[in-house]
Amino acid sequence: MAVTIKDIAKSANVSPSTVSRVLDGNPRISSETSARIKKVMLEMDYHPNMLARSLARRNTRIVGTLMPGTRENAFQHPFFPEILRGITSQAHIDGYNILISSAATPHEERDVISEFSKNGMAEGLILMTSRHNDTVIRELTEMSFPFVLVGNPENHRNITWVDNDNVEAGHRLTNHFISRGCRKIAFIGLSDKYLVVKDRFEGYRRALAESGIEFNEKLVVKGAFMEGKGSAMMEELLSRNVPFTGVIAADDYMAFGAIKVLNRAGFHVPEDVAVAGFNNLKLSEYFSPALTSVDINAFELGARAFQLVHAEIEQKDFKPTHSFVDIKITTRESTDHQFICQP
């Protein structure tokens with residue numbers, strides 16, 4: 001039978017609470033008493049269950065991360081391993097551990113939130129995506145549980161978040177196309193569900209308007225974000241028989257699929273159509289042609305997210321805040337062509 005705190009207390013002729021204080025390093029316990037209790041622990045080969053004690057104190061030094069999607073496909077997109085690399089790197093520096101979970105439905109999300117917060121498993125939570133009408137954010141805010149959102153929320157009040165300026169990212173990438181003489185620019189992957197895509201699309205609209213280019217809704221194709229359905233979206237765009245000389249994909253995976261369909265249809269990239277995406281995945285450099293992409297610095301997003309949730313956990317007077325991570329357009333072969341400017 002395993003030795004318990006009560007056994008140690010009985011043998012050392014002290015109360016169980018005194019033994020517990022010694023385990024916690026409480027300075028109120030004299031050095032003589034502490035040494036005597038530790039000697040008894042050694043003699044009785046006592047090994048405290050530190051996880052159980054941490055859970056009881058709600059001081060687990062664990063931060064949870066909630067990713068979208070099923071457990072089978074949560075890591076399929078390279079963005080998530082990279083942002084987790086940033087989170088775990090900063091957590092290691094600060095002496096924390098990371099507990100990773102995923103949820104594909106609102107019901108699963110509620111279960112995960114309950115495990116992380118109400119059951120005391122974690123001290124804080126990092127949400128990986130910002131969505132329209134997000135009930136998880138509302139629930140966490142109501143219970144005052146420390147959390148950080150990766151993404152720009154719909155309602156900024158009482159929410160701590162970290163993100164790129166995705167409106168600016170869409171704006172700068174569209175201007176990159178325009179600077180190459182490209183005026184008939186399509187946007188594929190617009191989603192009503194994820195705010196990051198809506199922001200990138202807003203930047204695209206602004207850049208067109210500033211350059212006096214009329215917006216054409218027939219050049220916009222909706223689709224599932226981060227699910228690599230660029231092939232189907234490009235087939236949809238081609239079926240509309242609307243001329244275009246540029247394609248901005250909401251994600252690099254979509255851009256890869258779009259280029260393959262363009263090649264099969266007899267278009268050359270970038271000679272006939274320039275193509276670019278977002279996230280600057282490692283594959284973008286090795287794809288043919290190498291893909292121009294917006295580098296969102298996912299590692300830094302993850303590191304910054306952990307820094308913020310750590311501050312929220314540790315600081316009693318912490319006020320909700322936000323942080324922007326810089327973006328950079330990495331120009332490669334897929335947009336390396338000058339187009340004849342068309343009105």
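Strands S1 and S3 run parallel as partners, joined by four bridges; pairing here requires that DSSP finds at least two bridges between two strands. Helices (H or I, at least four residues) and strands (E, at least two) are DSSP runs, numbered from the N terminus. Thr65 has Ile126 of S3 as its bridge partner. This is a predicted model, in which local features need pLDDT of at least 70 and side-chain atom pairs count only at pLDDT 80 or more, while totals for chains, interfaces and linings use all residues. Residues are numbered from 1 along each chain as its sequence is written, and side-chain values use heavy atoms, leaving out hydrogens and water.

## The sheet

S1 also pairs with S2 in the parallel sense, over seven bridges, and Val63 stands opposite Ile98 in S2. Because six of the seven residues of S1 are buried, the strand is largely enclosed by the rest of the structure. Buried means under 20% relative accessible area, exposed means over 50%, and partly exposed lies in between (1.4 Å probe, protein chains only).

Six strands make up an open sheet with parallel pairing, in the order S2-S1-S3-S4-S5-S11. Its edge strands, S2 and S11 (322-324), each pair on one side only. On average, neighbouring strands of this sheet are turned by 20° against each other, direction ignored. Helix H6 (residues 106-118) packs on the sheet and touches S1, S2 and S3, and its direction makes about 160° with that of S2. Axes are lines fitted to C-alpha atoms, for helices over the stretch in contact, and angles run from 0 to 180 degrees between N-to-C directions. Contact means heavy atoms within 4.5 Å.

Further along the sheet, S4 and S5 (residues 160-163) pair in the parallel sense over three bridges. Val148 is placed opposite Thr160 in S5. His322 counts as partly exposed because its relative accessibility is 43%. His322 and Ser239 are 83 residues apart in sequence and 42 Å apart in space, C-alpha to C-alpha.

## Helix H5

The 15 residues of H5 (residues 79-93) should span 21 Å at 1.5 Å a residue, and the end C-alpha atoms are 22 Å apart, which agrees. The expected span is 1.5 Å times one less than the number of residues in the helix. Phe79, Phe80, Ile83, Leu84, Gly86, Ile87, Gln90 and Ala91 are the buried residues of H5. They cover an arc of only 155° around the axis, so they sit on the same side of H5; the arc is that of the directions from the helix axis to the C-beta atoms.

What do the buried residues of H5 pack against? Their partners are strands S1 (62-68), S2 (97-103), S3 (124-127) and S4 (147-150), together with helix H13 (298-314). His92 and Ile93, on the other side of H5, are exposed. After H5 comes Gly95, with a positive phi near 75°.

## A helix pair

H2 (residues 16-23) and H3 (residues 31-43) pack at an angle of about 95°, with their axes 10 Å apart. The two helices are therefore roughly perpendicular to each other, the class for angles of 65 to 115 degrees (under 35 is roughly parallel, over 145 roughly antiparallel and the rest oblique). From H2, Thr18, Val19, Val22 and Leu23 meet Thr33, Ser34, Ile37, Lys38 and Met41 of H3.

## Backbone details in loops

| Cis peptide bond | Omega |
|---|---|
| Val269 to Pro270 | about 10° |
| Ser288 to Pro289 | near 0° |

Pro270 has its place in the loop between H11 (252-264) and S9 (274-278), and Pro289 is found in the loop between H12 (282-286) and S10 (292-295).

Positive phi values outside glycine deserve a check too. Asp45 has a phi near 55°, positive in a residue other than glycine, and lies in the loop between H3 and H4 (50-57). Asp45 counts as exposed because its relative accessibility is 53%. Asn297 is not a glycine either, yet its phi is positive at about 60°. Asn297 lies in the loop between S10 and H13, and counts as partly exposed because its relative accessibility is 34%.
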